[in-house]
Amino acid sequence: MQEYQENRRQVGSRYEKLAADYLSDRGLRILEQNFRSRNGEIDLICRDGRTLVFVEVKYRKDSSKGAPEEAVSYGKQQHIRSTARYYLYSHRYGEDTPCRFDVVGILGDQIHWIQNAF
């Protein structure tokens, strides 16, 4: 019998869905998953009242490589900001649209949601 091993994309998709469900249960409306531009990708784009929320989801099975949230480096933040600007422009949101950047870290089966992470 061959052992089935999920690839990284499948694992990522599973935890992004878990994060989307978690945020949805807390009142956010999911607008997009895996929004891509040439500048990068945003895992989840949500609406929290009037605020657009750009969410990066990070998963670690254990803490041997640190907390998942720590993997959102300054460079990654810059790519997310740039992609968010493109999203706002391409979807014709005004410059006065309130936005924030959140991180959902999943460590094993624990979910840690950081609002206004950067």
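Biologist: How far apart are the end C-alpha atoms of helix H2?
Modeller: They are 24 Å apart, which agrees with the 24 Å that the 17 residues of H2 (residues 74-90) should span at 1.5 Å a residue, the expected span being 1.5 Å times one less than the number of residues. This is a predicted model, where local features need pLDDT of at least 70 and side-chain atom pairs count only at pLDDT 80 or more, while totals for chains, interfaces and linings use all residues. Residues are numbered from 1 along each chain as its sequence is written, and side-chain values use heavy atoms, leaving out hydrogens and water. Helices (H or I, at least four residues) and strands (E, at least two) are DSSP runs, numbered from the N terminus.

Biologist: Which residues of H2 are buried?
Modeller: Gln77, Ile80, Thr83, Ala84, Tyr87 and Leu88 are buried in H2, where buried means under 20% relative accessible area, exposed over 50% and partly exposed in between (1.4 Å probe, protein chains only). They cover an arc of only 145° around the axis, which puts them on the same side of H2; the arc is that of the directions from the helix axis to the C-beta atoms.

Biologist: And what is exposed on the other side?
Modeller: Tyr74, Arg85 and Tyr89 are exposed there.

Biologist: Switching to strand S2, is Asp43 buried or exposed?
Modeller: Asp43, found in strand S2, counts as buried because its relative accessibility is 6%.

Biologist: What lies 2.8 Å from a polar atom of its side chain?
Modeller: For Asp43, that is the backbone nitrogen of Val57.

Technical notes
Polar contact = N/O pair within 3.5 Å; in protein donor to acceptor, adjacent residues only side chain to side chain.
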